[in-house]
Amino acid sequence: MSTLMEDPGEKSLDKLLATLTTVLHPETYVFARLDKTASPPPVADVQLLFRESEAVTVVVTRRYAEANGMAYLFPSRMITLDVTSSLEAVGFMAVVAARLATLGMGVNPVSGFYHDHLFVPEGREAEAVAELARLADEKRRQLEAKD
């Protein structure tokens with residue numbers, strides 16, 4: 001019997017932004033596609049699998065893609081937003097993506113059960129992490145000024 005679980009995540013945008021920290025993962029990830037009838041890579045090698053009408057999008061390490069002859073796009077680094085956000089949190093990813101857009105940086109956000117993750121262009125990951133730290137610091141100061 002299935003049941004609706006209690007949401008472990010935070011919904012307050014102010015709290016999410018003020019407590020935002022990040023984890024930069026060491027691997028370079030890439031986006032590839034599989035025909036809908038193809039077998040996916042082993043779960044241990046998949047960071048993301050998403051079925052679309054045209055094909056199955058798979059995010060794997062560049063090392064895995066190259067070792068397995070996969071064509072790919074968007075070499076990127078994954079940044080985990082180390083706050084537990086609710087899947088119903090309103091505006092969190094929009095604020096984060098908009099902030100990185102001010103740097104002219106495209107970002108591919110993904111929401112997991114516990115955390116949100118950003119795939120940012122390889123080579124710009126330090127810039128993204130620094131900007132997100134500034135965003136959190138600004139929000140903390142803003143909230144402290146209200147108290």
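**Core, patch and backbone labels**

Analyst: In this predicted model, leucine 100 touches Met105, Val107, Leu118, Val120, Ala128, Glu131 and Leu132, leaving aside residues up to four places away in sequence.

User: What makes these count as contacts?

Analyst: Contact means heavy atoms within 4.5 Å, so each residue in that list meets this cut-off with leucine 100.

User: Which residues touch the most other members of the largest nonpolar core?

Analyst: They are Leu20, Leu81, Phe92, Leu100, Leu118, Val120 and Leu132, out of 18 residues in that core. Helix 1 (13–18), strand 4 (73–81), helix 3 (92–101), strand 6 (116–121) and helix 4 (125–146) each supply at least two of its residues. A second, separate core has nine residues, including Val30, Ala32, Leu34 and Val56.

User: Why is tyrosine 114 called partly exposed?

Analyst: Its relative accessibility is 46%. Buried means under 20% and exposed over 50%, so a value in between is partly exposed. Tyrosine 114 lies in the loop between strand 5 (108–111) and strand 6. Together with Met5, Leu87 and Phe113, Tyr114 forms a nonpolar surface patch with about 460 Å² of accessible area.

User: Why does phenylalanine 74 count as partly exposed?

Analyst: Phenylalanine 74, in strand 4, has 26% relative accessibility. Because buried requires under 20% and exposed over 50%, the label is partly exposed.

User: What is to be noted about the phi of phenylalanine 74?

Analyst: Phenylalanine 74 has a positive phi of about 55°, although it is not a glycine. Most residues other than glycine have a negative phi.

Notes. Residues numbered from 1 in each chain as written. Predicted model: local features only at pLDDT ≥ 70, side-chain atom pairs only at ≥ 80, totals over all residues. Heavy atoms only, no water. Core = buried A, V, L, I, M, F, W, Y, C linked by side-chain atoms within 4.5 Å. Buried < 20%, exposed > 50% of the residue type's maximum accessible area, 1.4 Å probe, protein only. Helix = DSSP H or I, 4+ residues; strand = E, 2+ residues; numbered from the N terminus. Patch = residues over 30% accessible without salt bridge, like charges linked within 9 Å, V, L, I, M, F, W, Y side chains within 5 Å. Areas by Shrake-Rupley, 256 points an atom, 1.4 Å probe, with all protein chains shown as cover. Salt bridge = Lys/Arg side-chain N within 4 Å of Asp/Glu carboxyl O.
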